[in-house]
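Dear colleague,

Please find below the structure that I am handing over to you. My notes on what was found in it follow directly after.

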Amino acid sequence: MTGRPTPAVLPPSLRARLGLVAALAALVVVVLAVLYAGHSRPGRVDRWIIPPTADSVRPPWRHVALALDFLGEPAGSVMLVMVIVAGCLLLRRPRAAVLVVAGAAMAVGTATLLKHLVGRTIHGAGNLSYPSGHTAFFTALAFIVALLAAGRLGLGRTAGTSLVLCTALLAGAAMGWAQVALGAHYPTDVLGGWCTALAVIPATAWLVDQAADRTADRLVDRTAGAGQREPR
C-alpha cells in the first residue's frame, strides 16, 4: 500500500525526454560559461544579434520591456510565485505548489551562483551578467506551469514535451528580449539563463516527487503500524 494522493509533478512519460533536455541544457550553460568567463564585452554572437546598449528600445515597446523586467525583480517575482502557488492550492495540488517555490528558488539560486563563478560583466565591474537570472526565473515558472498542464491533461510524450518546451521557449524569448532591449544582458547571457532553467527544473521536479512519495509512504506505514498495535 502506498500513500500518494497527488499525481507526480514530473509525469513518468516525460522523464526520459526532459532528462535528456536537461543534460543538453546543462552542457550549453557550461560551454558558454567557459567561453565568457571574466569577459566584460559582447562576444561575436552577441554583436551579430544586437549591440547591447542601455537605450535600444523606445515607447511603447519600452514599457512592455519594463513590465516584463519587473516580473523578474524581487517584488514582481514574489507576486508571480504567490499567484501561481495560490492557483495550485485551489486546484488541490500541494506538490505542484512546492515545485513552484522550489523550482523558482533553484533557478534563481543557480543563476546567482554561476554569475559569481563566471564573473562576466556588463556596463561596469559591479554588474555580473552571465547567466540572466530574470530569464532563468521566468522560463522556470513557464516550464513548471506547462509541466503541470501536461500532467493534468494527460498528454503523451510527444505532445507533453512539445508543450513544455514551446512554453519555456516563448517565456524565455519574451524575457530575454526585454533584458537585451533594456541593456541589462548580452544575448548569450539570456541563452545561458534559458538553459539554466531547462537544466534545473526537471531535476527539481524529480526531487520533489521523490521526497513527496517517501513522505507519503512513511505516513501510511506509521498509520498501518498504529492500527496493528490497537487491541482487538
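Alanine 212 is partly exposed, because its relative accessible area is 23%; buried means under 20% relative accessible area, exposed over 50%, and partly exposed in between (1.4 Å probe, protein chains only). This alanine 212 lies in helix H8, residues 187–229. Helices (H or I, at least four residues) and strands (E, at least two) are DSSP runs, numbered from the N terminus. Between alanine 212 and leucine 155 there are 57 residues in sequence and 22 Å in space, C-alpha to C-alpha.

Please note that this is a predicted model, in which local features need pLDDT of at least 70 and side-chain atom pairs count only at pLDDT 80 or more, while totals for chains, interfaces and linings use all residues. Residues are numbered from 1 along each chain as its sequence is written, and side-chain values use heavy atoms, with hydrogens and water left out.

As to the whole protein, it holds eight helices and zero strands. Its C-alpha trace spans about 80 × 35 × 35 Å along the principal axes. Of the 232 residues, 45% count as buried.

The UniProt record (unreviewed entry) places the feature "transmembrane region" at several spans, including residues 96–114 and 134–155; such annotations may be inferred rather than shown by experiment. Residues 96–114 are 100% helix, and their end C-alpha atoms lie 26 Å apart. For residues 134–155 the helix share is 91%, with 29 Å between the end C-alpha atoms.

Helix H7 (residues 157–181) has 25 residues and reaches 35 Å from its first C-alpha to its last, close to the 36 Å expected at 1.5 Å a residue; the expected span is 1.5 Å times one less than the number of residues. Among the buried residues of H7 are Gly160, Ala171 and Gly176. Just after H7, glycine 183 takes a positive phi of about 75°.

Aspartate 209 forms one with arginine 95, their closest N and O atoms being 3.1 Å apart. Aspartate 209 lies in helix H8 and arginine 95 in helix H5 (residues 94–118), so the pair ties together parts that are 114 residues apart in sequence. Arginine 95 also forms a salt bridge with aspartate 213, at 3.0 Å between the closest N and O atoms. Aspartate 213 lies in helix H8 as well, so this pair ties together parts that are 118 residues apart in sequence. Arginine 95 counts as buried because its relative accessibility is 6%, and aspartate 213 counts as buried at 14%.

Aspartate 189 is found in helix H8 and is buried, with a relative accessible area of 0%. Aspartate 189 touches Arg120, Ser129, Tyr130, Pro131 and Ser132, not counting residues up to four places away in sequence; contact means heavy atoms within 4.5 Å. The side chains of aspartate 189 and arginine 120 meet in a salt bridge (2.9 Å, N to O). Arginine 120 lies in the loop between H5 and helix H6 (133–153), so the pair ties together parts that are 69 residues apart in sequence. Salt bridges that share partners join Asp46, Arg120 and Asp189 into one network.

Yours sincerely

Note on methods
A salt bridge is a side-chain nitrogen of Lys or Arg within 4 Å of a carboxyl oxygen of Asp or Glu.
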